[in-house]
Amino acid sequence: MATISATDLEQLAEIELQKEEDEEQGRHGYRPDRPPPPRRVSFSQDTSHPYYDVARHGILQVTGDDNYGRKLVIFSSCLMPPSHQLNHHHLLQYLMYTLDQYVESDYTVVYFHHGLRSNNKPSLHWLRNAYREFDRKYKKNLKALYVVHPTNFIRIIWNIFQPLISHKFGKKLTYVNYLAELRDHLSWDQLIIPPDVLRHDERLRAAQKGGPHPSSKTPPPRPPLPTQQFGVSLQYIVEKNQGVMIPPVMSQTVSYLKDKGLQTEGIFRRSARVQLIKDVQKLYNQGKPVVFEQYGDIHVPAVILKTFLRELPEPLLTFPLYHQIQDIVRVESSLRVTTCKSILESLPEHNYMVLKYLLCFLNMVSQQSIVNKMSPSNLACVFGVNLSWPSQGSVSLTSLTPLNIFTEILIEHYHTVFSSRCPQAEVLP
């Protein structure tokens, strides 16, 4: 059988994309030459952003962590404007500028393919350059790439790039046909999914079943076990643990890491084996003893600690404080430590105690940063999204900066920020 040349594949990809657009137009009356309806821009409105011309579209978002403690990066094709309205060279620079902040840690990418059209897609030449620009630094810690709603166009593009793509990188790719499949890998509540993608998914599932499909909502949760640690409130844990103020999962992970992990380079930046984390969570929730020594991986208790914080029904810093934390960037630098201290004064007593316990430990970790490479800034990038998030929606890319600044101040200036309030039942690591 004759081998298809790269040029023929490129032409085939263009034909396939046009065919997909024609089918979409036939089904839903979509016209690719018609500009999308105006939408309220809620992304990157800071005009001083070095890549404001790209960031304002919200194409790229970084939000929370996935189920395995990895930073979650989301790329949405449907938010890309027509090519003549977007500098694709700037887009590539913006992608690298954003990823540079996270590639030292393990991370996951979700690519929403729906909405890529002939009028907004980058050229194949641009895609080749992008793949080459994303050198080993970016590829090494990328642990999973989820391509959502793939089409034949994607599969042809994959064939074009196959000579460039290593076998190891190829194993990180997962095709996801329906959004519900992401639940097995990611925290649904932390996903920022454009409305166009949600509607497209509904249409696909309705077509699959031959009729409207019920919305993919999370099933009603079962009542928690009396010994439950994950996904329940701090108050619930206190009531079920004879008034112990620091949740056992936190005190045990912190104690172990304080003893064994302070010298570990990149502690809290690495992920751990997925099944291992699930097994440890199950043990905690069933009230069974957990012996971290037997796992032989210091990153297991580190991921468990982050997962515990992330699965609290309300963040440790509480919902009411979210907007005050976001406003920290408006405060003059010399006044930020005092402002952070003032913000924490309004925390409920129990939240304050648990937060002080955690931050005392993170301050210890940062004191060893010459060895472990985890400065207050690096720790803030990891823990910020696990300490505060809005009551509605997810933490957007632009919300991360104030969140990280606030968390960095809590870690670096721990002794000042937490000096004036000493709860009676205070416990420190």
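Author: Helix H15 is largely enclosed by the rest of the structure, because 16 of its 19 residues are buried. Buried here means under 20% relative accessible area, with exposed being over 50% and partly exposed in between (1.4 Å probe, protein chains only). Helices (H or I, at least four residues) and strands (E, at least two) are DSSP runs, numbered from the N terminus. Before going on, keep in mind that this is a predicted model, where local features need pLDDT of at least 70, side-chain atom pairs count only at pLDDT 80 or more, and totals for chains, interfaces and linings use all residues. Residues are numbered from 1 along each chain as its sequence is written, and side-chain values use heavy atoms, with hydrogens and water left out.

Back to H15. Its end C-alpha atoms are 27 Å apart, which agrees with the 27 Å that 19 residues should span at 1.5 Å a residue; the expected span is 1.5 Å times one less than the number of residues. H15 also matters for the count of the largest nonpolar core. A nonpolar core is a set of buried Ala, Val, Leu, Ile, Met, Phe, Trp, Tyr and Cys residues joined through side-chain atoms within 4.5 Å. The largest one has 123 residues, and Met250, Phe268, Leu344, Leu355, Leu358 and Phe383 touch the most other members. H15 gives this core its largest share, 10 residues.

Take Phe268 from that list. Contact means heavy atoms within 4.5 Å. Leaving aside neighbours within four places in sequence, the contacts of Phe268 include Leu257, Ala302, Phe361, Leu362, Val365 and Phe383.

In H9 you'll find Tyr236, which counts as buried because its relative accessibility is 18%. Not counting residues up to four places away in sequence, Tyr236 touches Pro224, Leu225, Pro226 and Gln228. Pro224 sits 12 residues from Tyr236 along the chain, and their C-alpha atoms are separated by 9.6 Å. With 15% relative accessibility, Ser271 counts as buried, and its contacts beyond four places in sequence are Tyr68, Arg70, Asp106, Lys143, His299 and Val303.

Next, the strands. In S3 (residues 107-112), 6 of 6 residues are buried. In a regular strand the side chains alternate between the two faces of the sheet. Both faces of S3 are covered, with Tyr107, Val109 and Tyr111 buried on one side and Thr108, Val110 and Phe112 buried on the other. Two strands pair if DSSP finds at least two bridges between them. S3 pairs in the parallel sense with S2 (residues 71-76) over 6 bridges, where Val110 is the bridge partner of Ile74. S3 also runs parallel to S4 (residues 142-148), joined by 6 bridges, and Val109 stands opposite Leu145 there.

Most residues other than glycine have a negative phi, and most peptide bonds are trans. His149 has a positive phi of about 60° although it is not a glycine. The loop between S4 and helix H6 (152-161) holds His149, which is buried at 4% relative accessible area. Lys373 likewise has a positive phi, near 65°, and is found in the loop between H16 (369-372) and H17 (376-387). Lys373 is partly exposed, with a relative accessible area of 43%.
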